[in-house]
Amino acid sequence: MNKWLYEFFYRIPFMPISWIFGSPHEMEKYSELIESGVIPPGRAIDLGCGEGSNAIYLAKCGFDVTGVDFSHTAIKRATTNAQAEGVEVTFVEDDLTNLRHVNGTYDLLVDFGALNDLIPGDRDSYMKNVLPLAHTGSCIILMCFTKSLPPNEVDQRFGDHFNIENLSRRSESVTSRTIDLYFMTSI
């Protein structure tokens, strides 16, 4: 999706963007991994954080969180939302296909719909920018719409670097799309 379209959606004050794209932090399997301690608190990055719901959730669970999005309006909304929830999150306006303002490694990388929203060439750039953010033992939680990102593409892109487990497949009633949730640990 184009940046200008996201900017448009984020500027509609009465409609949270999560209504359009779902509210992934409420997904049971995801919250089980976090709340059970399978993924202990550490340094986390929310890739394509939008208005910050996942970043805020992780901060509430004890993570040191960075949220990244290319939408200026999304970053402003995320910052406001984090302040309203009383949590500290670092929000960065940056492009996942050409990261310039994010570096270092993270224990947890979360992507709820960013990778699958890119065209194939941009997915290559995303991988070149995101893989260096992981270290041995890092975990990735990836949510994708199956029509946009076929399951074999996840294996092809991440299989050489991560052990991949498909945690769930569910139909999203609002958008009538099928959603896959992957849990990956770096090799």
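This is a predicted model: local features need pLDDT of at least 70, side-chain atom pairs count only at pLDDT 80 or more; totals for chains, interfaces and linings use all residues.
How many of the 12 residues of strand 5 (residues 134-145) are buried? The legends below take up this question and several related views.

View 1. Residues are numbered from 1 along each chain as its sequence is written, and side-chain values use heavy atoms, with hydrogens and water left out. Nine of the 12 residues of strand 5 are buried, so strand 5 is largely enclosed by the rest of the structure; buried means under 20% relative accessible area, computed with a 1.4 Å probe on protein chains only. Helices (H or I, at least four residues) and strands (E, at least two) are DSSP runs, numbered from the N terminus. Strand 4 (residues 106-112) runs parallel to strand 5 and is joined to it by six bridges, and strands count as paired if DSSP finds at least two bridges between them. Phenylalanine 112 has methionine 143 in strand 5 as its bridge partner. Between strand 4 and strand 5 the chain passes through helix 6 (residues 120-130) in a right-handed β-α-β crossover, that is, with the strands pointing away from the viewer, the path from the first strand over the helix to the second runs clockwise.

View 2. Strand 2 pairs in the parallel sense with strand 1 (residues 43-47) over five bridges, where alanine 44 stands opposite valine 65. The chain reaches strand 2 from strand 1 through helix 4 (residues 53-60), in a right-handed β-α-β crossover. Strand 2 also pairs in the parallel sense with strand 3 (residues 90-93), over four bridges, and aspartate 69 has glutamate 93 in strand 3 as its bridge partner. Strand 2, helix 5 (residues 72-85) and strand 3 form a right-handed β-α-β unit.

**View 3. Helix 3 against helix 4.** The axes of helix 3 (residues 28-35) and helix 4, as lines fitted to C-alpha atoms over the stretch in contact, with angles from 0 to 180 degrees between N-to-C directions, come within 11 Å and cross at roughly 30 degrees. That makes helix 3 roughly parallel to helix 4, a term for angles under 35 degrees. Tyr30, Ser31, Ile34 and Glu35 of helix 3 make the contact with Asn54, Tyr57 and Leu58 of helix 4, contact meaning heavy atoms within 4.5 Å.

Conventions
Angles under 35 degrees count as roughly parallel, over 145 as roughly antiparallel, 65 to 115 as roughly perpendicular and the rest as oblique. Buried means under 20% relative accessible area, exposed over 50%, partly exposed in between (1.4 Å probe, protein chains only).
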